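Please read them with the coordinates open.

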Amino acid sequence: MAMLLSRLHRTLHLVPRCSRAMSAVSLLVSPGRCLYDRPLQLRVRGLSPGQDVTLRTALSDDGGELFTSAAHYRADSGGELDVSRSPALDGGSYTGVEPEGPLWSLQPRTPFRRLVKKDVRSPLRLRFSLHPGHGAPGALLLAEAAQERSFLGEGVRREPLREGRVRGSLFLPTGPGPFPGVIDVPGAGGGLLEYKASLLASRGFATLALAYYNYEDLPKDMKELQLEYFEEAVNFMLQHPQVKGPGIGLLGHSKGGDLVLSMSSFLKGITATVVVNGSVANIGAVLHYKDNTLLPIGVDIKRLKYPQPGVGDIHDLLHNPLEETNRKSLIPVGKADCKFLFIVGEDDRNWNSVFHAQAACQLLLEEGKEKPEIVYYPKAGHYIEPPYIPLCEASMHRLVGLPVVWGGEPKEHAMAQVDSWQRIQTFFHEHLNQMTEAGQTMSLL
């Protein structure tokens, strides 16, 4: 008997700490691999009727940072749970019927980290696990599943670009082409970001992810920029055999927003421009183009607020570019001859994006141009990204030199991302998928 008890004691110590429940519970995620902007389908079977469970979601970014979320659910009378129909109960990362809640509610383990896919050649791997009860994380695991979410669609070609001075990556959709062409211009963080361009290519656009500083042999800082560099990128796209003319589209967020406004105002060959929380004033660097110079708009550091220790709110720092003393920073948007779509987060804490979109609209109307489309999103913050990328509440601002808040409420911000991503694609399809024949413009949609 003593020997039997000893063997039993050793066996119990060999059981893993995260042990499985002896049940037929299954956690089903569909599909197993998809593009990141595709809706989530998650179901559970084999629970007891009315059983309380906790659904946990985790992923690690390219740098190893862990993002997690958790939600409390109760099985229906048949012992099943469908995230697209079953409400999440109080106490978790989200509540109510939120089919994509496990994704958009993810939060980093380390403060001030933003989820950014830097290498689009590999997918992000999501891990889902189901645990009994609504308490603290326990050792018991009822079921688990995994899903890979990619930013690069199957068959999409990625071509590193080193053409003249231009640096970036060109993404070409599957098929013979030619395709509507878009240049994606990122914000002030520098380097090369490809996740939007690769997703757009996966949706049918020949897209150039453009770097403009702190990448390869480009300048290391952003003190001065030459618009001729961006003109080279535009001409490259216009001349590419896989890009459908006669013009291309531009997509810019934050600092990229004022750059695409400047490109649209000074350069030829641009048909459609999307500005996501951009500025009508030139930001952060002197911008030169031939005999034209735009100075960076000034800031009043005394307007900096601290909603929490060590974290800034910079919403009110910029001077008003419409005032006469600041006109040398104002982008002459009225010169542009393209269509515009402004995506505006009303809770953007980086700057007053509502004001900047409305100011750009007024400048266009004063020159007799068509009124642009402006879409406002209440409770959306600064980083309006492709769908299901979680809200970043605060992170380091490269130009300011400290962490800042970006604004937005998680659920409303997530809804804005889903809606705006579809609007952006529709806008580009409408204005880039056109050809002129016998003096008439015919939509190819």
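1. Arg-303 has a relative accessibility of 36%, so it counts as partly exposed, the class between under 20% and over 50%. Its side chain meets that of Asp-300 in a salt bridge, with 3.4 Å from N to O. Please keep in mind that this is a predicted model.

2. The salt bridge count comes to 24. One of them joins Glu-385 and Lys-196, where the closest N and O atoms are 3.7 Å apart. Glu-385 sits in the loop between β22 (373-377) and β23 (394-396) and Lys-196 in helix α3 (residues 195-202), so this pair ties together parts 189 residues apart in sequence. Both Glu-385 and Lys-196 are buried.

3. Lys-255 and Asp-258 are both buried.

4. Arg-162, Arg-167, Glu-216 and Asp-217 are linked in a network of salt bridges. Glu-216 also has a positive phi of about 50 degrees, although it is not a glycine. Its place is in the loop between β13 (206-211) and β14 (224-226), and Glu-216 is partly exposed, with a relative accessible area of 33%.

5. Lys-379 is another residue to check: its phi is positive, about 65 degrees, and it is not a glycine. Lys-379 lies in the loop between β22 and β23. With 47% relative accessibility, Lys-379 counts as partly exposed.

6. How many of the eleven residues of strand β15 (residues 243-253) are buried? Nine are, so the strand is largely enclosed by the rest of the structure. β15 pairs in the parallel sense with strand β12 (residues 179-185) over six bridges, and Pro-180 stands opposite Lys-244 in β15. β15 also pairs in the parallel sense with strand β16 (residues 270-276), over six bridges; there, His-253 has Val-276 in β16 as its bridge partner. The chain passes from β15 through α5 to β16 in a right-handed β-α-β crossover.

7. Two cis peptide bonds deserve a look. The bond joining Gly-245 and Pro-246 is cis, with omega about 5 degrees, and Pro-246 is in strand β15. The bond from Ser-30 to Pro-31 is cis as well, with omega near -10 degrees; Pro-31 is in the loop between β1 (26-30) and β2 (33-35).

8. The largest nonpolar core has 121 residues, and Ile-183, Met-263 and Phe-428 have the most contacts inside it. Leaving aside residues up to four places away in sequence, Phe-428 touches Val-182, Phe-205, Gly-249, Leu-250, Leu-251, Ala-272, Val-274 and Asn-433. A second, separate core has eight residues, including Leu-304, Leu-317, Cys-392 and Leu-402.

9. Helix α6 (residues 353-366) has 14 residues, which at 1.5 Å a residue should span 20 Å; its end C-alpha atoms are 20 Å apart, so the two agree. Buried residues in α6 include Ser-353, His-356, Cys-361 and Leu-364. The buried residues of α6 pack against β21 (339-345) and β22. Just after α6, Gly-368 takes a positive phi of about 75 degrees.

Conventions:
Residues are numbered from 1 along each chain as its sequence is written. This is a predicted model: local features need pLDDT of at least 70, side-chain atom pairs count only at pLDDT 80 or more; totals for chains, interfaces and linings use all residues. Side-chain values use heavy atoms; hydrogens and water are left out. A nonpolar core is a set of buried Ala, Val, Leu, Ile, Met, Phe, Trp, Tyr and Cys residues joined through side-chain atoms within 4.5 Å. Buried means under 20% relative accessible area, exposed over 50%, partly exposed in between (1.4 Å probe, protein chains only). Contact means heavy atoms within 4.5 Å. A salt bridge is a side-chain nitrogen of Lys or Arg within 4 Å of a carboxyl oxygen of Asp or Glu. Helices (H or I, at least four residues) and strands (E, at least two) are DSSP runs, numbered from the N terminus. Two strands pair if DSSP finds at least two bridges between them. A crossover is right-handed if, with the strands pointing away from the viewer, the path from the first strand over the helix to the second runs clockwise. The expected span of a helix is 1.5 Å times one less than its number of residues.
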